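Trainee: Could you take me closely through a single part of this model, starting from one residue and its contacts?

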Amino acid sequence: MSRLLRARRTAALACATILTTAPMGAIAQTRPPAVQIPARLTLEEALRLARTYNPGYQQYMNDVEVAEAGVRSAWGAFMPRLSTGMGISGGQSTTETYVDPTGKPQRLDDPQISKGSSLSQSIGASFTLFDGGRMWRNLSAQRASVRMTEASISIQASDLDAAVRQAFYQSLRAGQSITLSERLLASAQERLRQTEALFRAASKGQVDVLGAQVDVAQSEMALEAAKDGATKARLELARAIGVQSDGMYEVVGDLPAVFDPATLDVNALVSTALTSNPAVLRQEQSAIVADRQAAAAKGSRWPSLGGNFGYSRSVNVPDYSAYRYLNPQNSGISLSLNASLPLFTGFSTSAQITQARAAAHDARLQLQQTRLQTEANVRSAFIDLQNAFSSLRLADRQASLSEQRLALSQEQYRMGSITFSELQLMIDRAATAQRDALNARFNWITNWINLEQRVGAPVIG
């Protein structure tokens, strides 16, 4: 056991030594850059920070460079392929026997030794003159691939913006929840003062005072919970942005104006989505890529025409000094043209064309499916927004009626017409109605953001 402990201590010491002796710059490079959220964060600033620092979004941004490299590679197919080389060789041979006229091997009295070396330099170019149009179609496919990548980034940007907006408005909702809890606490404290005054006037008993005190304590607990919820909401907003934060900042801004979805034309929203939704745009470019690749595959049946050009220099010397002749005088030029026509490739060409044609057909079907799904998503999100608006109107009405009912109940309590338990019931119902109205407001906002995300464009009533 003691040997095991000593081995563990030795391993731990070695790890600590490696960490402490490693370059600090190498360790710092693995850490994300420190970003400070402003003390007062607006929605515009939150969206800007998210586009700059969100790790998931930045991963997709890297795909643009890869797609553009594919375009450069497709352009490169039109250019000659250049190559150059240099070689040096040397050797030695020794002849000790020979064959005499009678056919018998004889040994030389003085063996003959021959040696030599050579150096060669060359530069060459190969080019394609015609390949059945495959190079042009591949170039077109790579350009469409760039547009498809940009559409994919637009999808991620739309998802990121929606997530940040949701988290931002949730932070505002948490702030309003604090304001509501503070108002309810102030109301509870006022009722406690009134109840204590009535108790001193012998109009109310000790039970009513204790009930009012419990009401204040519950309101204080609700306020603390609302503050904790606001801190958590700001932490979630920082996570959505993609930066570290302790949540000690203020979210400032106005809530979007609520409008009746009946003012919107759902058919117009569907038409906009079919031309603006990034998922539709990406699938359209995917279908174009597949069509171009299928056309390029058909070009494999056509003959191909190409050529080669070369220039070389060389030198041969009867010793090992060829390396000295870096500018050899012997030279040669070659030029060739070649044409090829595939007659039989073991059905591999037919298989490639069939696969490319099937992939293009699948891409068109997937585009149709994406359009159908987009239309269904828009119409479903529109229905959700309508339901959220109806729920909001009912919640606001219920909150207003509950406030009026509570005011009447408080007057009845002061007059002695109802007990404190009955008043407490009205208080609880009014507080619940106000929180339901606040939740309904943000439920409408959530569904509104969801509809804009499905459409792929702003939706304003």
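Mentor: Leaving aside residues up to four places away in sequence, I353 touches A297, K298 and R301, where contact means heavy atoms within 4.5 Å. The model is predicted, so local features need pLDDT of at least 70 and side-chain atom pairs count only at pLDDT 80 or more, while totals for chains, interfaces and linings use all residues. Residues are numbered from 1 along each chain as its sequence is written, and side-chain values use heavy atoms, with hydrogens and water left out.

I353 belongs to helix α9 (residues 348–415); helices here are DSSP runs (H or I, at least four residues), numbered from the N terminus. With a relative accessible area of 4%, I353 is buried, the term meaning under 20% relative accessible area with a 1.4 Å probe and protein chains only. The C-alpha atoms of I353 and A295 are 8.4 Å apart, although 58 residues separate the two along the chain.

Helix α10 (residues 420–455) has 36 residues and should span 52 Å at 1.5 Å a residue, which agrees with the 52 Å between its end C-alpha atoms. The expected span is 1.5 Å times one less than the number of residues. After α10 comes G456, whose phi is positive, near 85 degrees.

Notes:
Helix = DSSP H or I, 4+ residues; strand = E, 2+ residues; numbered from the N terminus. Buried < 20%, exposed > 50% of the residue type's maximum accessible area, 1.4 Å probe, protein only.
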